Amino acid sequence: MQAYLLSLLQLTDPALPVGGFSHSAGLETYVQQGLVHNTASADAWIRNMLAANLAYNDAAFMSLAFDAASQGLDALLPLDEQCTALKTARELREASNKLGLRLIKIFRQLQPSPVAEAYEKAIRLKEAAGHYCIAFGVYAYTLGIPKSDAISAFYYNAAAGMVTNCVKLVPLGQLDGQQLLFHLQPLIRELTIATLQPEPALLGRCNAGFDIRSMQHERLYSRLYMS
C-alpha cells in the first residue's frame, strides 16, 4: 500500500467534520424549481456541475494551489484573491470560506505545514479570504499525495456529496445514488487529466445558471441547506 493512501482517504473522508453536509451548492433551488426531479435530471446536474463548473473553478484552483504550495504564501495569495472574486454568489463564497477554515483547523493538529500556517495567519489578518479548494491543495501537497490522485479524490468527494444531496432532496433511492456515482468514474478520470494543468484564461468560466440558482437560494421560502 502506498504510504499516502490513508492520508488521502482521511483528507477526502465524507465524515471529516468540515460541514460539507450542510451545503447543497444550489441544488435545493434546482429541486424546488422542478429542474432536478428524477434520476436522469440529477445525473445531468451532477455532470454539468463537475465538467462545466468545478473544472474551471474549485478543482482548477485546487490544482494550482497544489503547485503553489511549494513556493510559499506569496504564490497562494493571488489564487485566494482570484477565487474570491469569481465566486459571485454570497452563499457559495461563504461556504468555501467556512469549509476552508475548518479543514485547516483539523489538519494543523495532524500535519505541520509552514505554508498552511502562513495561509491561516493571512486569513486571520484578513489578507486572504480562505477557500476550501486552496486549503485542500496545500494539504494534499504537504501530505505527499501525488497530484493526479489528489485531483481525482477532490472530484470524487464533490461528486459523492452531490449524490448524497440528490438522494435526500429529489429524492432518489440509495441504489440509484450509488449507480450514479459509479457511472461518473469515466468523467472523473477525464476531468482529472484536464485539470492537471488548468488553462489560466479559462479560470472562472461563466456558469450563469449555477450562480443564479445559488443566489436565488438565499430567498427560498424553506431551506434545509445553508447554500
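**Chatting through the helices**

Colleague: Quick one on Lys 87: buried or exposed?

Modeller: Lys 87 counts as buried, because its relative accessibility is 13%. Buried here means under 20% relative accessible area, exposed over 50% and partly exposed in between, with a 1.4 Å probe and protein chains only. Bear in mind that this is a predicted model, where local features need pLDDT of at least 70 and side-chain atom pairs count only at pLDDT 80 or more, while totals for chains, interfaces and linings use all residues. Residues are numbered from 1 along each chain as its sequence is written, and side-chain values use heavy atoms, leaving out hydrogens and water.

Colleague: Got it. Where does Lys 87 lie?

Modeller: Look in the loop between helix 5 and helix 6, the latter being 90-107. Helices are DSSP runs (H or I, at least four residues) numbered from the N terminus.

Colleague: And what does the side chain of Lys 87 make a polar contact with?

Modeller: With the side chain of Asp 58, at 2.9 Å. A polar contact is a pair of N or O atoms within 3.5 Å, one able to donate a hydrogen and the other to accept it.

Colleague: Which residues does Lys 87 touch, not counting residues up to four places away in sequence?

Modeller: Asp 58 again, plus Leu 92, Arg 93, Ser 96 and His 131. Contact means heavy atoms within 4.5 Å.

Colleague: Let's switch to helix 8. How many of its residues are buried?

Modeller: Helix 8, residues 132-142, is mostly covered, with 9 of its 11 residues buried. Among them are Tyr 132, Ile 134, Phe 136 and Tyr 139.

Colleague: What do the buried residues of helix 8 pack against?

Modeller: Quite a list! Helix 1 (5-11), helix 4, helix 5, helix 6, helix 7 and helix 9 (147-169) are the partners. Also have a look just after helix 8, where Gly 144 takes a positive phi of about 75 degrees.

Colleague: Nice. How far apart are Phe 107 and Phe 136?

Modeller: They are 29 residues apart in sequence, and 10.0 Å apart in space from C-alpha to C-alpha. Phe 107 lies in helix 6 and, at 3% relative accessibility, counts as buried. Leaving aside neighbours within four places in sequence, Phe 107 is in contact with Gln 10, Leu 11, Leu 16, Tyr 139 and Leu 143.

Colleague: At what angle do helix 4 and helix 5 pack?

Modeller: Helix 4 (residues 58-68) packs on helix 5 (residues 73-86) at about 165 degrees, with the axes 9 Å apart. The pair is therefore roughly antiparallel. Angles under 35 degrees count as roughly parallel, over 145 as roughly antiparallel, 65 to 115 as roughly perpendicular and the rest as oblique.

Colleague: Which residues of helix 4 meet helix 5?

Modeller: Phe 61, Leu 64, Ala 65 and Ala 68 do, and across from them sit Ala 75, Leu 76, Leu 79, Gln 82, Cys 83 and Leu 86 of helix 5.

Colleague: How about helix 5 with helix 7?

Modeller: There the angle is about 50 degrees and the axes are 10 Å apart, helix 7 being residues 114-124. That makes helix 5 oblique to helix 7. Leu 73, Leu 76, Leu 77 and Asp 80 of helix 5 make the contact with Val 115, Ala 118, Tyr 119 and Ala 122 of helix 7.

Colleague: Last one: where is His 217 found?

Modeller: In helix 12, residues 208-217. His 217 counts as buried, at 0% relative accessibility. Beyond four places in sequence, its contacts include Glu 28, Thr 29, Glu 91 and Tyr 225.

Methods
Axes are lines fitted to C-alpha atoms, for helices over the stretch in contact, and angles run from 0 to 180 degrees between N-to-C directions. Helices (H or I, at least four residues) and strands (E, at least two) are DSSP runs, numbered from the N terminus.
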